[in-house]
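User: I would like to learn how to read a model like this one, feature by feature. Please give the general idea each time and then the case at hand.

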Amino acid sequence: MNVTAAVEAGEPLPSASEAGPAPKRVVVAYGFWIFLLSDIVMFSALFASYAVLRHATAGGPSGAQLFNQTRVAIETACLLASSYTCGLMALAVNSRSRLGTYVGALLTFVLGAAFLALEIREFADMIAQGASPQRSAFLSSFFALVGCHGVHVAAGLVWLAAMMAQVAVKGFRPAVLRRLQCFSLFWHALDIVWVGLFTVVYLMGVTP
């Protein structure tokens with residue numbers, strides 16, 4: 001007998017072993033939090049590698065010579081603004097507004113794509129100057145850390161496009177709502193990682 005049936009019948013609540021499996025929304029949320037935490041562990045390892053190797057330039061260019069602070073500031077503004085529009089999308093989803101959801105998703109996608117385009121341009125410019133990943137341990141750790149974050153952003157954009165297709169076809173079904181909630185958590189987590197990356201790589205990287 002489940003908990004609801006026991007309450008309605010006025011009987012004692014069943015034990016945890018008798019209550020059956022947890023609701024799917026609880027299982028999905030728990031599993032996705034485990035995924036996010038494992039992702040944070042991976043980024044922590046990449047941050048640690050970069051911190052150790054940031055001065056290992058092997059006579060090549062350093063961060064102070066390579067980083068364009070203006071471009072990075074624009075990248076940061078785009079990604080942080082996309083976090084705000086993602087929040088607006090989540091509010092529209094909660095009120096079951098398709099138009100608000102589409103507008104919030106479109107703005108989030110455009111800002112995320114602009115961030116990604118600027119980052120790819122930064123990588124291309126660095127490689128054109130001879131600052132490729134194999135040039136030094138510093139550059140290897142830089143491309144690994146920043147590139148890993150960029151891959152996550154690209155995956156998030158694909159995920160967002162797929163979710164909007166699901167909203168168009170299926171509407172706001174419980175499964176779609178769970179996936180949209182997971183996407184919001186994922187996107188905000190990427191913003192948090194970028195704040196740390198911006199501080200450690202781009203701000204501290206230009207100091208002597």
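User: Is Arg96 buried, exposed or partly exposed?

Analyst: First, the ground rules: this is a predicted model, in which local features need pLDDT of at least 70, side-chain atom pairs count only at pLDDT 80 or more, and totals for chains, interfaces and linings use all residues. Residues are numbered from 1 along each chain as its sequence is written, and side-chain values use heavy atoms, with hydrogens and water left out. Buried means under 20% relative accessible area, exposed over 50%, and partly exposed in between (1.4 Å probe, protein chains only). Arg96 has a relative accessible area of 45%, so Arg96 is partly exposed.

User: How many helices and strands does the protein have?

Analyst: Helices (H or I, at least four residues) and strands (E, at least two) are DSSP runs, numbered from the N terminus. The protein has seven helices and zero strands.

User: Which residues does the UniProt annotation "transmembrane region" cover?

Analyst: UniProt positions are given here in the numbering used for this model, feature names are shortened, and annotations may be inferred rather than shown by experiment. The unreviewed UniProt entry places the annotation on residues 30–52, 72–93, 99–118, 138–165 and 185–205. In the model, residues 138–165 are 100% helix and 0% strand, with end C-alpha atoms 41 Å apart. Residues 185–205 are 90% helix and 0% strand, and there the end C-alpha atoms lie 29 Å apart.

User: Which residues touch the most other members of the largest nonpolar core?

Analyst: A nonpolar core is a set of buried Ala, Val, Leu, Ile, Met, Phe, Trp, Tyr and Cys residues joined through side-chain atoms within 4.5 Å. The largest one has 46 residues, and Phe142 and Tyr202 touch the most other members. Helices α2 (24–53), α4, α5 (98–128), α6 (137–170) and α7 (174–203) each supply at least two residues of this core. Contact means heavy atoms within 4.5 Å. Leaving out residues up to four places away in sequence, Phe142 touches Tyr50, Phe67, Glu122, Phe123, Met126, Gly147, Val201 and Tyr202. Of the 208 residues of the protein, 38% count as buried.

User: How many salt bridges does the structure hold?

Analyst: A salt bridge is a side-chain nitrogen of Lys or Arg within 4 Å of a carboxyl oxygen of Asp or Glu. The structure holds two. One joins the side chains of Asp125 and Arg71 (2.9 Å, N to O). Asp125 lies in helix α5 and Arg71 in helix α4, so this pair ties together parts that are 54 residues apart in sequence. Asp125 also forms a salt bridge with Arg121, with the closest N and O atoms 3.4 Å apart. Arg121 and Asp125 both lie in helix α5, four residues apart, about one turn of the helix.
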